[in-house]
Amino acid sequence: MQVKEYKPLIVAFCCNWCSYAGADLAGNNRLNYPADVKIIRVPCSCRVNPMFVLRAFQRGADGVILCGCHPGDCHYTSGNYYTRRRMALLFSMLDYLCIERERTRVEWVSAAEGAKFAATMNDFAEKVAALGENKRLEDLRCKK
Amino acid sequence: MQKITRDILVEKAVSLLENGTVCCVLGWKKGEFDYDVTPALFESKEEIEKDFVYDDFCGANFSKYLVKKTIKAEGKILVFLKPCDTYSFNQLLTEHRFDREKVYAIGIPCEGMADINKIRAIAGDGISEIKCGEKIVVDTIYGDKHEIDAKDVLLERCINCKSKKHVNYDELLGDEGEVIESNRFDEVARLEAMTPDERFAFWQNELSRCIRCNACRDVCPACTCEKCVFDNPKSGVENKAPANEFEEKMFHIIRAFHVAGRCTDCGECSRVCPQHIPLHLLNRKFIKDIDSFYGEYQAGAEVGSRAPLVNYTTNDLEPSEVFEGRGE
């Protein structure tokens, strides 16, 4: 029997105004980052509702990362400040319910930081791969 | 035992109703058994004298009822508020959920409410009659009689009572109390100190019992959305999941998150849970985190204060720094 190689599924919520363009720049510069990172474009990092993060996990994601503009640079002035508070609390709560803390991350990546985007994704994918499959959060009904 | 008696409250309610200050009274009504006291709206003197009760089972927080009742009421509504209820009352005022002009609030002292589950654990099944007095006297249909000290069967939220002070009222019956230094975060700290696997097992055990009856949401004075995210039949998360337990966990994380920063820690969610899940531990985790990350904040302590999650400072803690400084 052939054993399928384990590859983590990572969902990245990227802000339209910075990280999404940062991902583009990483592509233009031919920087490598894992193909298992699925990017979802959001108008602002604060568009990400905690339910999005949990639903991503439920539907089989092994890691969820939020990328937004650096604090102070939000296109809508203050969106990422709210994200920062919300996600700090959400991640602390996930840790309280014992979901491995390495599975979630918030990173500030500007449109000029293609290299940072690629490096962040490589690092995150490596950490999530080390944790292995997400057994605690997935939903059997969503399994293919 | 409560310091204030039913008779004083009935007399007060009837006199305010008869002189036209208020048009109806929000109070506690006798249920089928002595211990299942339910909230009710009284509109006449006869109803009040017949059914109004105030004893150790009047845990219900009336603040949320005001949201819907004040819209319909033509005059003022008389509401009795225990100290912890006044915090929820203030929080709803902060959020402009009801018209303060349409409410006549009377603050009443509270000595802590009894937990029927703890009484059942002592007296067993078949409770036929409970008399609240110096001691709680329980009769069962099997002829047993138990005398229980009220201090031994307090609700969890009353053991860790955070305040006996009324933060909002038109009239106060009895004496004003003080804000209490409680140990309400001890249990959260104990859980935090567990190893991850123990903690996972603990929550798996607790939350997998959830039957998704939504009682915690319905009773919560902070959950007052007209449309709730969990009422959407297309969401796929509105019901008990047949497969495994993450859906219950998700529901409880999101429920607690939606009230984070607005939760006054009134403890109603745990009181009404038919499965006895300690839901207050989730809410308190958020309160504890908010206190430690963004400074001490008590929701509802004053009208008009800005909740931590609709506010920010430019040098807030980064999510990556959350786990630093805990010695892990």
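Which residue of E6(B) stands opposite Lys131(B)? Val137(B) in E6(B) does, and point 5 puts that pair in its setting.

Some ground rules before the points. This is a predicted model, in which local features need pLDDT of at least 70 and side-chain atom pairs count only at pLDDT 80 or more, while totals for chains, interfaces and linings use all residues. Residues are numbered from 1 along each chain as its sequence is written, and chains are lettered from A and ligands numbered from 1 in the order in which they are written.

1. **Chain A overall.** Chain A has four helices and four strands (helices are DSSP runs of H or I with at least four residues, strands are E runs of at least two, both numbered from the N terminus). Along the sequence they follow the pattern β-α-β-α-β-α-β-α. With a radius of gyration of 15 Å, close to the 15 Å that the globule rule gives for 144 residues, chain A is as compact as a globular protein of that length. Here the radius of gyration is taken over C-alpha atoms, and the globule rule is 2.2 Å times the number of residues to the power 0.38. The C-alpha trace of chain A spans about 50 × 35 × 20 Å along its principal axes.

2. **Chain B overall.** In chain B there are 12 helices and eight strands. Its radius of gyration is 21 Å, which agrees with the value near 20 Å that a compact globule of 328 residues would have. The principal-axis spans of the C-alpha trace of chain B are about 60 × 50 × 45 Å.

3. **Where the chains meet.** On the chain A side 30 residues are in contact with 32 residues of chain B (contact means that the C-beta atoms, placed from the backbone, lie within 7 Å). Helix H2 (50-58) and helix H3 (79-96) of chain A each supply at least two residues of that side. H3(A) gives the most, with 14 residues. By class, the chain A side divides into 18 nonpolar, four polar and eight charged residues. The classes are these: Ala, Val, Leu, Ile, Met, Phe, Trp, Tyr, Cys and Pro count as nonpolar, Asp, Glu, Lys and Arg as charged, and the others, Gly among them, as polar.

4. **The open sheet of chain B.** Five strands form an open sheet in the order E2-E1-E3-E4-E8 (chain B), with mixed pairing (two strands pair if DSSP finds at least two bridges between them). Strand E2 (38-42) and strand E8 (171-172) of chain B are the edge strands, each pairing on one side only. Strand E1 (residues 24-29) of chain B runs antiparallel to E2(B), and five bridges join them; Leu41(B) in E2(B) is the bridge partner of Leu26(B). Helix H3 (residues 63-72) of chain B lies across E1, E2, strand E3 (77-81) and strand E4 (103-107) of chain B, at about 175° to E3(B).

5. **Two hairpins in a row.** Now back to the opening pair. Strand E5 (residues 127-132) and strand E6 (residues 136-140) of chain B pair in the antiparallel sense over five bridges, and a hairpin joins E5(B) to E6(B) through three residues. E6(B) also pairs in the antiparallel sense with strand E7 (residues 145-148) of chain B, over four bridges. There, Val138(B) has His146(B) in E7(B) as its bridge partner. The hairpin of E6(B) and E7(B) has four residues between the strands, and in it Gly143(B) takes a positive phi near 90°.

6. **Domains of chain B.** The domain assignment gives domain 1 (6-115 + 155-172), domain 2 (116-153) and domain 3 (186-321); such bounds come from an automatic or database assignment. The C-alpha centres of domain 1 and domain 3 of chain B lie 25 Å apart. Between these two domains, 20 residues of domain 1 are in contact with 19 residues of domain 3. On the domain 1 side, H3, helix H4 (83-94) and helix H6 (156-159) of chain B give two or more residues each. H4(B) has the largest share, nine residues. That side divides into seven nonpolar, seven polar and six charged residues.

7. **A helix pair in chain B.** Helix H7 (residues 186-193) and helix H12 (residues 280-294) of chain B pack at an angle of about 90°, with their axes 9 Å apart. Axes are lines fitted to C-alpha atoms, for helices over the stretch in contact, and angles run from 0 to 180 degrees between N-to-C directions. That makes H7(B) roughly perpendicular to H12(B) (the term covers 65 to 115 degrees; under 35 is roughly parallel, over 145 roughly antiparallel, and the rest oblique). Glu187(B), Val188(B) and Leu191(B) in H7(B) meet Leu281(B), Arg284(B), Lys285(B) and Lys288(B) in H12(B). The residues of this contact divide into three nonpolar, no polar and four charged.
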